[in-house]
Amino acid sequence: MQQTLLAFCALLIACLWALSQQRALLGNRFSMVHLELEQAAAEVARDMLDRIGSKPFDAAALQGGIADLSQLTWPLLPTGLPFDQCMDIDDVHGMLPYTYRTPDSLRFEVRAEVRYVDPEDPTRIVSGPTLAKEVTVTVTHPEMRAPVRLKRIFSYP
């Protein structure tokens, strides 16, 4: 009887140890998946900032250049446009959420915000048009713990 009880206790301890090892392994795998999602989201954000930066600085730049700050789009109102219809940088401000699909079929939601900043001190947001715009891209995925946000300053030459 004692040997059976000791064998049962040993089996119970072995099962509990195996369960804790499995939980630790599963936790590590979840952490790796979240890290890979965050890295993919950062790549999506960088790609979107590159795509936004390839657009003209302002609608006035499309019409032959900017000679005066009064020609710049002001105020920056949310456009509600799909990304494909945004013609210049400030058009992405308040665009419709854009679904970005990666080559391995991950889907991220991208939003953008544009603000004018001081060209001499890009960390300072200003209340009027300048020759520098800060674009903030926010990338989310249902499985990510927190969104990825990247900023870039674009200035008119």
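Start with I52: leaving aside its neighbours within four places in sequence, I52 is in contact with F83, I89, V92, A112, V135, V137 and F154, where contact means heavy atoms within 4.5 Å. Before going further, keep in mind that this is a predicted model, in which local features need pLDDT of at least 70, side-chain atom pairs count only at pLDDT 80 or more, and totals for chains, interfaces and linings use all residues. Residues are numbered from 1 along each chain as its sequence is written, and side-chain values use heavy atoms, with hydrogens and water left out.

I52 also turns up in the largest nonpolar core, which has 33 residues; M48, I52, M95, V110 and V137 are those with the most contacts inside it. A nonpolar core here is a set of buried Ala, Val, Leu, Ile, Met, Phe, Trp, Tyr and Cys residues joined through side-chain atoms within 4.5 Å. Buried means under 20% relative accessible area, exposed means over 50%, and partly exposed is in between (1.4 Å probe, protein chains only). Who supplies this core? At least two residues come from each of α1, β1, β2, β3 and β4, and the largest share, nine residues, comes from α1.

The element names come from DSSP runs numbered from the N terminus: helices are H or I, at least four residues, and strands are E, at least two. In an α-helix there are 3.6 residues a turn, so residues three or four places apart point the same way. The length of α1 checks out too: at 1.5 Å a residue, its 52 residues should span 76 Å, and the end C-alpha atoms are 76 Å apart, which agrees. The expected span is 1.5 Å times one less than the number of residues in the helix.

Now for the rings. A search of the whole structure finds three aromatic pairs. Rings of Phe, Tyr and Trp (its six-membered ring) pair if their centres lie within 6.5 Å; planes under 30 degrees apart count as stacked, over 60 as edge-to-face and the rest as tilted. One of them joins F57 and Y156, a tilted pair at 5.8 Å centre to centre with 50 degrees between the planes. This pair links distant parts of the chain, with F57 in the loop between α1 (2–53) and α2 (59–62) and Y156 in the segment after β4 (148–155), 99 residues apart. F57 counts as buried at 6% relative accessibility, whereas Y156 is partly exposed at 22%.

Another tilted pair is W74 with Y116, at 5.7 Å centre to centre and 55 degrees between the planes. Here too distant parts of the chain are linked: W74 sits in the loop between α2 and β1 (98–101), Y116 in strand β2, and they are 42 residues apart. W74 is partly exposed, with a relative accessible area of 43%, while Y116 is buried at 1%. W74 has a backbone story as well, as the peptide bond from W74 to P75 is cis, with omega near -5 degrees.

Two lysines sit over ring faces. K133 lies over the face of F57, at 4.4 Å from the ring centre, and K55 lies over the face of F83, at 4.8 Å from the ring centre. The test asks that NZ of Lys or CZ of Arg be within 6 Å of the ring centre and within 35 degrees of the ring normal.

Next, a look at the strands and their loops. T138 is found in strand β3 and counts as buried at 17% relative accessibility. Not counting residues up to four places away in sequence, T138 touches E109, V110, R111, P147, V148 and R149. P119 is in the loop between β2 (107–116) and β3 (132–140) and is partly exposed, at 46%. P119 and L131 are 12 residues apart in sequence and 6.5 Å apart in space, C-alpha to C-alpha. In the loop between β1 and β2 you'll find S105, whose phi is near 70 degrees, a positive value in a residue other than glycine. S105 is exposed, with a relative accessible area of 61%.
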